Every structure is written in structure tokens, then in C-alpha cells.
Amino acid sequence: MDNKNQLLYDFIIDHCTELTDTWIQSKHAAKGTVYAPDAPEKVKERLRKQNKKFIHTIAAVFITPDKESIYEPIKKWASEVANDRVESNTQISDIISQFKQFRQIYWEKISEFTLSDTANITPKDIWEWSYLFHFAFDTLIEEFVSLYTQVLNKNLSAQKEMILELSSPIITLTNKISILPLIGEIDTQRAKFILESTLMQCQEKKVDYLVIDLSGVPIVDTMVANQIFLVVSSVNLLGVTCLITGIRPEVAQTAVQLGIDFSAIPTFSTLQKALSYLHFEDTTIS
């Protein structure tokens, strides 16, 4: 049986390029994806290298006595390709479709070997090869999907954090006065980030006066108001005086209905009035 397995392995490796070319020529995918027929040649070459390594990784299951040792090559291939597919913005549905297509191509080549008369192949051999092949294939797909999801979520988290950071910048006007313009809806996660980011930026920039502009915030509910008060009280501990501008009429009306009191914080209808209050044009401030 070991000799037959070695013959099968050698047969697959000998036809590695043929298997890859068959897949490259027959794959169907939408334009703009790495699998598209009109993909750049350098992308196709990368796919060829990855696919050949994939063929070797699966074929190794036929000649590996200890099946546990097949996991490391599978994890290595899955990790490399998962990162590559995430970077190329390839959808998981497109990837699974290609796995499905190549599984058929690969198994057909194995079936071709089983029809040869040179190895005295029995039905038991075919059954065992089928089991090993599909076990390795399914294990690789499972590992790939897991790693792809991890990499994708990590990237999405990093992108979201970057968006949050860009959406909560403190703009320095002078060495004493800065503005925190808030735009868009504020949920719990963003509110927490605004607090942490504001404290850090105020400390780094040595801010004395921070003008929080709410003109771009469509809704100020109890949660948002509480977070604003938390920001104000927290930066006050750093010696920063806060002012609030841009509370729109509908927001003010909602605040009153909710019992939210901004009277303890200097508030102004416009940013210009707040800056005038701080004598922004007075060089003694700057």
C-alpha cells in the first residue's frame, strides 16, 4: 500500500503544472477579482505558485505516516494565502467557489491514476485515497476560512479605529486654543474613543481651552450628553477649560425635553462667537 501511495504522490507531482494550468484556464470569476480571466499576468503567476504549493500540500497526505504532521504545512499555506486574499479584497464566496472548482479538477486527476493498470489498484485503495484527499482538502478549507476571518476582522478593526481617530481630531488654533469638531452620529463605541482620544490629545498638545463643536452632530440624546459632560469633566482635571458651540435648535429642544442641562458649560451658537469670547485675535492669548 505504501508503494501505491508513493506512486500516486509522484503521479500528482508530475502533473502539478498541468493541474494548475487546467484551473487557471477554466476558472470563472467576475472582473476585478484576482481570479478574473483578465487579471494581470503577475497576479496569475502568483496564483500559479500558490496553487502548485497547494497541490503539494494536499498530495503529502498520501505519503505522510503520521497524519497529524500534515497540519503544519496546511496552516502555513492557509496563513500565506489568507493574508494575500484579504489584501486583494477577495470575497470569501469567490474563494470557496475556486476551492470547489479545483477540488473536482484535482480528484479527476487522481481518478485518472486509479484507472491505470500498472499499480494493481483495488477498490479499497481508492476508498482510502478518497478519504485522505477529502480529509486534507476539507481541513485546509476550514483552516483557511478561520485565518481569513481573523485577518479580515483585524484589518476591519484597524480601519475602524483609524476612521474613529480621523473623525475625532483636535485642531490646534494657537498654543492654547484647540477645537474638537464632532461630525455624525455618536454611538457608545465612538463616544468612548472620543473621550480617550481627547484626553490624550489635550495632554500632548498642552491645550488650555478646548472648543467642542456639535454643529455636525444630528442627535444629542442622554448617552451623548453624558459623554460630553464626561469629556468636559475629564479634561478639566488636566486644567483644560471647555466651551460648547453649534447646538442646533432641534438638538437644544431635544436636550430640554430630556432634562439635559448645559448651563454649567459655556455654550455659544457659533464657533466664531466662542473664539471671540476667548479673544482669539488677541495676541496675548497666543
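Trainee: Why are α1 and α3 called roughly antiparallel to each other?

Mentor: In this predicted model, the axes of α1 and α3 come within 10 Å and cross at roughly 175 degrees. Axes are lines fitted to C-alpha atoms, for helices over the stretch in contact, with angles from 0 to 180 degrees between N-to-C directions. Angles over 145 degrees count as roughly antiparallel, so α1 and α3 are roughly antiparallel. Local features need pLDDT of at least 70, side-chain atom pairs count only at pLDDT 80 or more, and totals for chains, interfaces and linings use all residues. Residues are numbered from 1 along each chain as its sequence is written, and side-chain values use heavy atoms, without hydrogens and water.

Trainee: Which residues of α1 and α3 meet?

Mentor: Tyr9, Ile12 and Ile13 in α1 meet Ile55, His56 and Ala59 in α3, where contact means heavy atoms within 4.5 Å. By class, this contact has 5 nonpolar, 1 polar and no charged residues.

Trainee: What makes α1 and α5 oblique to each other?

Mentor: The axes of α1 (residues 2-14) and α5 (residues 92-114) come within 10 Å and cross at roughly 130 degrees. Under 35 is roughly parallel, 65 to 115 roughly perpendicular, over 145 roughly antiparallel, and the rest oblique; α1 and α5 are therefore oblique. Their contact includes Leu7 and Phe11 of α1 and Tyr106 and Ile110 of α5.

Trainee: How does the span of α3 compare with the one expected?

Mentor: Helix α3 (residues 41-59) has 19 residues and reaches 27 Å from its first C-alpha to its last, close to the 27 Å expected at 1.5 Å a residue. The expected span is 1.5 Å times one less than the number of residues.

Notes
Helices (H or I, at least four residues) and strands (E, at least two) are DSSP runs, numbered from the N terminus. Ala, Val, Leu, Ile, Met, Phe, Trp, Tyr, Cys and Pro count as nonpolar, Asp, Glu, Lys and Arg as charged, and the others, Gly among them, as polar.
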